[in-house]
Amino acid sequence: MDFTLVVVLVLGLFLGVLQLGLALHTRNVLVAAAQEGARVAAGADATEQDGVRRTRALIADALSERAAADMEVEARVVRRSGAAVVEVTVRGPLPVQLLPVSPVTVTVSGHALEESR
């Protein structure tokens, strides 16, 4: 009886930690992909669409093609303190598979100073 109660608690804790690790890994991949996409788009001979393509390719390589298709990626040029900055934003669902919770959406962005064209 005691063994059953302890196993249920330990299994629940293990699944929670595993799910948290998966969610953090996914978020870190999205942040890194957005930053790299912004650096690509900020190049003197590149466009914002080059940054979007690079971001999607990195997500597909690190996670999966399906995850890349589920993500909404956009790039735009914004002004920050008078300087032109390329901002790549990635929005999409976190993979919540082990725990019964509602869908969790994450939004991350990467920035890079735009080179003169």
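How many residues lie between β1 and β2 in their hairpin? Select that turn to find out: the hairpin has 2 residues between its strands, and S81 in the turn has a positive phi of about 55°.

Before moving on, some ground rules. This is a predicted model, where local features need pLDDT of at least 70 and side-chain atom pairs count only at pLDDT 80 or more, while totals for chains, interfaces and linings use all residues. Residues are numbered from 1 along each chain as its sequence is written, and side-chain values use heavy atoms, leaving out hydrogens and water.

**Stop 1: the sheet**

Color the strands. Helices (H or I, at least four residues) and strands (E, at least two) are DSSP runs, numbered from the N terminus.

Now zoom in on the pairings. β1 and β2 are joined by 9 bridges, and R76 has E87 in β2 as its bridge partner. Strand β2 (residues 83-93) is joined to β3 by 9 bridges too; look for P93 opposite T105 in β3.

**Stop 2: the helices on the sheet**

Select 2-41. Contact here means heavy atoms within 4.5 Å, and axes are lines fitted to C-alpha atoms (for helices, over the stretch in contact), with angles from 0 to 180 degrees between N-to-C directions.

Back on α1, show the side chains of its buried residues, including Q19, A23, V29 and G37. Buried means under 20% relative accessible area, exposed over 50% and partly exposed in between (1.4 Å probe, protein chains only). The buried residues of α1 pack against α2, β2 and β3. Stop at T26, also in α1: its relative accessible area is 3%, so T26 is buried. Beyond its neighbours within four places in sequence, T26 is in contact with L63, L94 and P95.

**Stop 3: the core**

Select L30, I59, M71, V73, V88, V90 and V108. Of the 22 residues in the largest nonpolar core, these touch the most other members. Such a core is a set of buried Ala, Val, Leu, Ile, Met, Phe, Trp, Tyr and Cys residues joined through side-chain atoms within 4.5 Å. The largest share, 7 residues, comes from α1. Center on L30: not counting residues up to four places away in sequence, L30 touches I59, M71, V90, V106 and V108.

**Stop 4: the charged pairs**

There are 6 salt bridges, each a side-chain nitrogen of Lys or Arg within 4 Å of a carboxyl oxygen of Asp or Glu. Start with E36 and R39, at 3.3 Å, N to O; they are 3 residues apart in helix α1, about one helical turn. Then pick R54, which meets E36 at 4.0 Å, N to O. R54 is in helix α2 and E36 in helix α1, so this pair ties together parts 18 residues apart in sequence.

R91 lies in strand β2 and E72 in strand β1, so they tie together parts 19 residues apart in sequence. Both are partly exposed, R91 at 29% relative accessibility and E72 at 42%.

How values were computed
Two strands pair if DSSP finds at least two bridges between them.
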